[in-house]
Amino acid sequence: MQTTKTKTEPNKVDQRIKLLDITMKRNHYRQDALIEILHKAQSAFGYLEPDILEYIARGLKLPLSRVYGVATFYHLFSLKPSGVHSCVVCMGTACYVKGSDRILTALEKELSIHVGETTSDNQISLMSARCLGACGIAPAIVFDGTVIGKQDPETAIEKVKAIEKSKVIRSKEWI
Ligand code: FES
């Protein structure tokens with residue numbers, strides 16, 4: 001009996017990564033092409049997830065904190081899932097040993113969501129990253145594109161409450 005072969009889709013992720021590689025190569029891995037490359041990544045993936053940001057940071061030899069900063073600063077970019085505000089807790093080794101897991105747990109409890117989710121009012125998305133390239137100020141968090149170091153559960157919750165209250169004014173300050 002002849003078996004019916006289902007046409008398998010090509011591996012879309014690989015194809016998209018390939019597209020990203022081509023875009024970075026075409027831009028000669030220039031760091032000032034970051035926005036254009038993020039655009040391409042977002043149009044290929046639909047959003048900018050942590051792994052993709054890390055991939056771009058490596059490709060352009062940029063600190064991950066810089067790539068996160070740009071990706072979260074501009075409204076045209078969205079990290080999955082996309083609330084009005086973003087809070088990325090670093091779970092890299094340096095931050096983890098200094099208690100970032102407790103920070104993440106406290107934020108999940110405070111916001112009544114799990115990491116990777118957005119609050120029901122669509123205000124805050126909570127995410128995690130492996131290393132923001134800011135280990136010297138561990139544990140680090142990125143609030144709306146601004147890297148803030150030496151956090152603990154209490155200070156992180158204060159920031160979230162401030163976001164909820166005042167809809168936070170973005171700061172362009174870098175670490
Ligand atoms: S491990 Fe958190 S910034 Fe490097």
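**View 1. The largest nonpolar core of the predicted model.** The largest nonpolar core comprises 41 residues, and those with the most contacts inside it are Leu53, Tyr68, Cys87, Leu107, Leu132 and Ile141. Such a core is a set of buried Ala, Val, Leu, Ile, Met, Phe, Trp, Tyr and Cys residues joined through C-beta atoms within 7 Å. Domain 1 (12-73) and domain 2 (85-166) both contribute residues, so the core lies between them; the domain bounds come from an automatic or database domain assignment. Residues are numbered from 1 along each chain as its sequence is written. Because this is a predicted model, local features need pLDDT of at least 70 and side-chain atom pairs count only at pLDDT 80 or more, whereas totals for chains, interfaces and linings use all residues.

**View 2. Surroundings of Ile141.** Leaving aside residues up to four places away in sequence, Ile141 touches Cys87, Val88, Val89, Cys90, Ile103, Ile148, Gln151 and Ala156, where a contact requires C-beta atoms, placed from the backbone, to lie within 7 Å.

**View 3. The four-stranded sheet.** An open sheet of four strands has the order S2-S1-S3-S4, with mixed pairing; strands are DSSP runs of E with at least two residues, helices are runs of H or I with at least four, and both are numbered from the N terminus. Two strands pair if DSSP finds at least two bridges between them. Strand S1 (residues 85-90) is joined to S2 by six bridges and runs parallel to S2, with Val88 opposite Met127. Three bridges join S1 to strand S3 (residues 141-143) in an antiparallel arrangement, and here Cys87 stands opposite Phe143. Helix H6 packs on the sheet, touching S1, S2 and S3, and its direction makes about 150° with that of S1; axes are lines fitted to C-alpha atoms, for helices over the stretch in contact, and angles run from 0 to 180 degrees between N-to-C directions.

View 4. Six of the six residues of strand S2 (residues 124-129) are buried, so S2 is largely enclosed by the rest of the structure. A residue is buried if 20 or more other C-beta atoms lie within 10 Å of its own, exposed if 12 or fewer, and partly exposed in between, with C-beta atoms placed from the backbone. Ile124, Leu126 and Ser128 point one way from S2, while Ser125, Met127 and Ala129 point the other way.

**View 5. Ser120 in its loop.** Ser120 lies in the loop between H6 and S2 and is exposed, with 10 other C-beta atoms within 10 Å.

Terms used
Two residues are in contact if their C-beta atoms, placed from the backbone, lie within 7 Å.
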